[in-house]
Amino acid sequence: MTRIAVLISGGGSNMVALVRAMQAGGWAEPVLVLANDPDAGGLEKARSMGVPIAAVDHRDFKGDRPAFEKALSDALATAQPDILCLAGFMRVLTADFVAQWAGRMLNIHPSLLPKYKGLQTHARALDAGDLQHGCTVHEVTSELDDGPILGQATLDVAPDDTPETLATRVLPLEHALYPRVLERFVAGDKTLLSLRDVNVD
């Protein structure tokens with residue numbers, strides 16, 4: 001069975017959605033949840049779901065990203081995943097690390113890429129007057145929030161939306177999109193999945 005490791009930095013809500021889908025569907029095995037902050041709330045959630053956890057505190061490697069990434073790689077080597085899923089992992093990875101996982105690492109981003117790479121995506125969508133917004137799952141490459149797009153989920157921007165309300169509305173789309181894209185990816189299907197008005201209950 002395909003082995004999946006999930007990298008997080010915070011509460012891990014997308015990680016929870018991925019793990020639940022894997023455990024319910026049986027199409028992959030979550031073998032590790034790895035955080036760059038030992039206090040990340042998602043670690044306890046993963047533990048409660050029976051998934052092994054680990055943490056590599058990036059603050060212990062200030063100014064030495066290669067050493068930080070070696071520690072990440074050492075933790076991953078113990079779990080031997082086939083695929084990495086970035087789920088709110090807020091550290092930029094070097095080209096050398098990404099190259100080791102070329103074609104085997106996914107990320108979810110809260111915009112309709114290629115629009116709004118980086119941060120503050122909801123505010124930027126509003127500032128641009130966009131009528132639609134959403135999220136994207138893509139393969140990770142050495143370029144930030146780049147790489148082949150595997151899936152997108154969209155919603156209509158409401159006249160009274162704020163960055164905060166958009167973030168709240170987009171998050172359930174992320175939870176719906178990411179597991180579906182990952183399941184298809186595990187099966188070798190890299191065709192674009194588009195979700196519109198998806199049932200996010």
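This is a predicted model: local features need pLDDT of at least 70, side-chain atom pairs count only at pLDDT 80 or more; totals for chains, interfaces and linings use all residues.

Me: How many helices and strands does the chain have?
Reply: Helices (H or I, at least four residues) and strands (E, at least two) are DSSP runs numbered from the N terminus. Along the sequence they follow the pattern β-α-β-α-β-α-β-α-β-α-β-β-α-β. The chain therefore has 6 helices and 8 strands.

Me: What radius of gyration does the chain have, and why does it agree with a compact globule?
Reply: The radius is taken over C-alpha atoms, and the globule rule is 2.2 Å times the number of residues to the power 0.38. For 201 residues a compact globule would have a value near 17 Å, so there is agreement with the 16 Å of the chain.

Me: Why is strand 6 described as largely enclosed by the rest of the structure?
Reply: Buried means under 20% relative accessible area, exposed over 50%, and partly exposed in between (1.4 Å probe, protein chains only). Strand 6 covers residues 132-139. It is largely enclosed because the buried residues among its 8 number 7.

Me: Which strand is joined to strand 6 by 7 bridges?
Reply: Two strands pair if DSSP finds at least two bridges between them. Strand 5 (residues 105-109) pairs with strand 6 in the antiparallel sense over 4 bridges, and isoleucine 108 stands opposite valine 137 there. On the other count, 7 bridges, the antiparallel partner of strand 6 is strand 7 (residues 149-156).

Me: Which residue of strand 7 is the bridge partner of glutamine 132?
Reply: Strand 6 and strand 7 run antiparallel. In strand 7, glutamine 132 has as its bridge partner aspartate 156.

Me: Is isoleucine 8 buried or exposed?
Reply: Isoleucine 8 lies in strand 1 (residues 3-8). Beyond its neighbours within four places in sequence, its contacts (heavy atoms within 4.5 Å) include Met15, Val33, Leu43 and Phe89. Its relative accessible area is 0%, so isoleucine 8 is buried.

Me: How far apart in space are isoleucine 8 and glycine 41?
Reply: In sequence, 33 residues separate isoleucine 8 and glycine 41. From C-alpha to C-alpha, the distance between them is 9.4 Å.

Key
Residues are numbered from 1 along each chain as its sequence is written. Side-chain values use heavy atoms; hydrogens and water are left out.
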